[in-house]
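Morning, everyone. Please have a look at it before I go on.

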Amino acid sequence: MFQISEDQLLRTSLGILHLNERPRPRAFIRRDQFERFVSALIYVPRDVYHSGLRQEIEKILCNAFNGEVSVYYAQLSEDVMARWHFIIRTKPGHVPPVDQTKIDEQLARAVKGWPDLLREQLIEQHGEAHGIQLYNQYGHIFSLSYQEDFEPRHGILDIAKLDALSANGGIGFDLYRRDSDRPDGLRLKMYHGTEIVPLSQCLPMLEHLGLKVISEHAYELERETGGCIHDFYLLRAQNQTLEIKTIKPLVEALLVQVWTRQVEDDSYNSLVIDCGLTGRDVVVLRAYGRFIRQLGLPFGQVYLARSLRDYPEITHVLFDLFTARFDPAFKGTKEERNAAIKAIADRFTEQLDTVNGLDEDRILRTYFNLIQSTVRTNFYQTLDCDADSDDSTGLAIKIRSRDVEEAPLPRPWREIFVYSPRVEGVHLRWGPVARGGLRWSDRRQDFRTEVLGLVKAQQVKNAVIVPVGAKGGFVPKALPSGGDREAVLQEGITCYKRFICSLLSVTDNLVDGKVVPPANMVRHDEDDPYLVVAADKGTATFSDTANGLAIGRNFWMGDAFASGGSHGYDHKAMGITARGAWVSVERHFREMGKNIATDPFTVIGVGDMSGDVFGNAMLLSRAIRLQAAFDHRHIFIDPDPDAESSFKERTRLFALKRSSWEDYDTSLISKGGGVWPRTAKSIPLTKEVQAFLGIEKNALTPAQLIHHILKAEADLLWFGGIGTYVKSSEESHSEVGDRANDAIRINGRDLKVNVLGEGANLGMTQRARIEFAQKGGRLNTDFIDNSAGVDCSDKEVNIKILLADAMRRDLLDQESRDNLLAEMTDAVSDIVLQNNYLQTQAISHAQARAANARESHAGLIRTLEREGTLNRDIEYLPSEEQFSELALSQSGLTRPELSVLMAYAKLSLKAILMNSELLDDPFLTVELGASFPSVLRDRFSSSLETHRLRRELIATTLVNQVVNRAGLTFIYEVREETGLGVDQIIGAFLVVRDIFNLNDLWPEIDSLDHQMPAAIQTLMYLELSELIKQQTIWFLRNEEWPFDLPGLIDIYDDGVVALLANPEAVLSPLSLEAFKTRVGMYEEQGAPVGLSRKIVALQMLMFSCDVQKIAIALDRKVVDVGRAYSEVGERIGFDWLRQASDTLSTEDHWDRLAARAVLDDLADQQRELTQHILEENRKADGPEAVIKWFDDQELTRARADRLLSDLKSSGPLSVAKLSFAARHLRSILSRAVGI
């Protein structure tokens, strides 16, 4: 008071008095003349007085005078004005000039309050109407702590974020930096519209960005709906400067995607900050990382992401490569795109030199190789990571698998890897036309390994049908924890849909017969419109779902896309898989002399009556005596079952929905048996059970009991459930890959059953099958036994493709089509089961000559390996050394090995034949009908002839018939002897088949099951196979390629038929005696007389085509020429040499080839000599001309007789003797007639 001037005191006093009349904020400032302090009287209306305002005024004064508060005094009374007296300590000489008016303005703003300032600024920025609306909605939700920490201008920004929450999934983010923050520091606001987010939920998301969370403040929103603004202070983990302008939009968008689960929350997200990629870009690198994990590389996802993050330039190059290959917006020609790709690849190679670690180098090279191996992607379509997505499609990457350097063997033709935050999956295909099931896998870490193992089996299983093998699997990644069965199922269906849509998104379509590629896609492969799927584990009821998606996308396959839907063939209702496998079982028993349709036989099995494969199979014979079975719930034992009553009870259970062994009427179980849950601690064993199992223990755990059941004696072990229960004694449980059944699994050598039927997949390992077969067990493989299911599905697809064409031609409508499909159910079953019958028959024929054909089998394996079709190590086929061991023991391949070899042989032949012009021969159109019921052949022949898969259908039919009927090594052996191609050999086979009417003869033998010994049937088949081989070689050597198939058949058909109709009139006495002997042998074994004569005549009249060729050349009657031909054979010794050669011991492959060549030479000599004789004496009958010629050629006859006499007296015929005889005879005859 004493230091203030009178004028200033007057102004101050009057000013204070005026405040009572007009209350308002006002400052009265007095500066010390020595600049040591500033005295400030501050008046504010009493109703706005609060401590926060005092702190704000302190800041105003300190900032204005460059000082600090020394002391303050507050006065609050009943007056309308409140007062603070501040003493601000200042530094002399450093007090800036201050405009009193500006301080009053700042006071006015401060006193107005944070909400009032917010209102003013909202109106200023958004206009009065919208500003007031925003203020009314958000102006009162900010807490006092928020108002103290943030200015109203920050509130305006936060209101904008809060207002946009509904459009961003209820979440928002704002990345910013204060001027005082470090260069590597950031601040992040996180907005949630309804709740305070737990830190445990936020921290991983931020740390995955490569950021360290230093502090966090939560500002709860004061409104009914709740909500919160979280403010984080962050530092970069690598202490590197952050360019906020660059990363702000990237990080904010990414965090929204992560929170809404459009993008996964993992270490790959650090690439957004470190590499400047968008969250969507990172999805590509993450997907490849997931695929790398599936390939089995020993690196975790964190390490993969870190390798990319540590080399941001290379990571950018990798993504640039992906963009250059697949961005449809690329401006330039194909050549320019390729040049850009090469330039980027060169950059990658150069920058790879900067990589220090071997692991990082391998990882980055793998990324590069995968991008280069990718041929298609849907990345440039709308995906589930996009804001405008319909959430139906994940990222799909189609890969040329054989180019993937890190992929384990075997490598498929193509595969599609699907990545989504919700589901991952893979679809492996062995060729352009491939099919197989999609399974719901639970092996998230290695589902590709699971699918690869399955597709190997599928590939060989598909040998009997048009498509090659395919298999798919998907893993739902967000199944509801603790959810009920229905919730889990719904999530599984949702993931299945996304997987299907993703597969379709990279698949070509057919529109009016023309290929239409997917939109926004660059393709680095050929047209690829064939995609079909099927049910598998977990997806048995999903076919209609898949078909609905295909139809919704106008995919050309329609409801043929997924077989077995509501308008397809229900495999369980048809029992087709079980019936197909039962064909194998029947064959095994038939070859043992047992008819299981009538002869009682004992069975142990895996499965229960509610299952398709087990339930249907156990109703296929009333003679079944089921002694034991188990599934994942129960163990069933009936030590001495009554076949009829147990059959009726099984029938009841099969009809009972969701039945289990617990539903079995235990009163029907024989003494000592029962049903026990697998959850039991211990199961007591009765004497009857002990006797059945051959053990003396009084009690066993469920696992121990099942183990002994698998070791029990029985006629048949039937696999009808999931699991691998038998391994080789040389395999470990870990090699099997089915940990759930380790405790119950047994070795193949411990099986005591006679026959094993594999209605289910993977019931035992391949090495276990071989081990069981080597000890005398009878079995094939799972892919042989249960191939009827896949065969039926393929028939359905092909029929629907045909009928779709008929519908386009207005030949029938949808309802008629559906009715026709149902009407053909039995016909389709018959076709499928016939395929099973013939394929298992072919294996039996191969087994019958396995020891003698050992060298051919080894040669076939070598051929398939050279082609790249087969890897013998993977398929457990013998090595060359092991084949030598088989030779020492005079044994051959087992049935399981022959099954594998047959499948690969068929696959190889189909692949070769698909590149042949033979398939386009109009003569082969008739072969199309073999895969379709007769009603389709009759009603829709035009659609059949133009079937989309015409060539594939013909190739499949021909290959199956050639291998099934002519033999496993037929093509290989003919190629060895002639050096000609597969198409030429099959063309000759068709000529032989039709000339000798084998299509009628084979079914005659087939119909004799259980009417004569199976061994005699097999002998008949093998004799026909030998006929086919010899006659095929004859046509390849005697007729020019390309064959006029119908023309050749017409030329030879009548003559051959005439010769075979009356063999007695043609054969020489020596041959006729052999003919009668062989016919008598067949008749003694129960073969019909007519069939026996046909079979033996074909063997004895191998020269029929030679005779017909002479008859045509000389215009003579074929029977007359035949008699002449036989007369020459008798007189010169050709007949004796041929018959004697049947006893040749030709263990060595080359000896067999040599013997075959010599016999062919002898046949040529006989034909040439016969033709020469008949040309010289055209007027005489054939035999008369031959007799006359030999009468005139006494020296020739004498030399030939001497040669034969020497050979007969020299002991058994050998290849060397036979070869010498052929050369000597040619020398003799050349002197006589110039042959």
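Predicted model: local features only at pLDDT ≥ 70, side-chain atom pairs only at ≥ 80, totals over all residues.

As a reminder, a disulfide is a covalent bond between the sulfur atoms of two cysteines. Take Cys-228, which is in no disulfide. The nearest cysteine sulfur belongs to Cys-202, and that sulfur is 9.0 Å away. The cut-off for a disulfide is 2.5 Å between the sulfur atoms.

Is Cys-228 buried or exposed? Cys-228 counts as buried, because its relative accessibility is 0%. Cys-62 has a relative accessibility of 16%. Buried means under 20%, so Cys-62 counts as buried too.

Now the strand, β18, which covers residues 601-606. How many of its six residues are buried? Six of the six are, so β18 is largely enclosed by the rest of the structure. In a regular strand the side chains alternate between the two faces of the sheet. In β18, one side has Phe-601, Val-603 and Gly-605, and the other has Thr-602, Ile-604 and Val-606. All of these are buried, and both faces are covered.

Which strands pair with β18? One is β19, residues 624-630, parallel to β18 and joined over six bridges. There, Val-606 stands opposite Phe-630. To get from β18 to β19, the chain passes through helix α21, residues 612-617, and this β-α-β crossover is right-handed.

Another is β24, residues 713-719, which also runs parallel to β18, with four bridges. Within β24, Leu-717 is the bridge partner of Ile-604.

That is the end of my part.

Notes:
Residues numbered from 1 in each chain as written. Heavy atoms only, no water. Buried < 20%, exposed > 50% of the residue type's maximum accessible area, 1.4 Å probe, protein only. Helix = DSSP H or I, 4+ residues; strand = E, 2+ residues; numbered from the N terminus. Pairing = 2+ DSSP bridges. Right-handed = clockwise from strand over helix to strand, strands pointing away.
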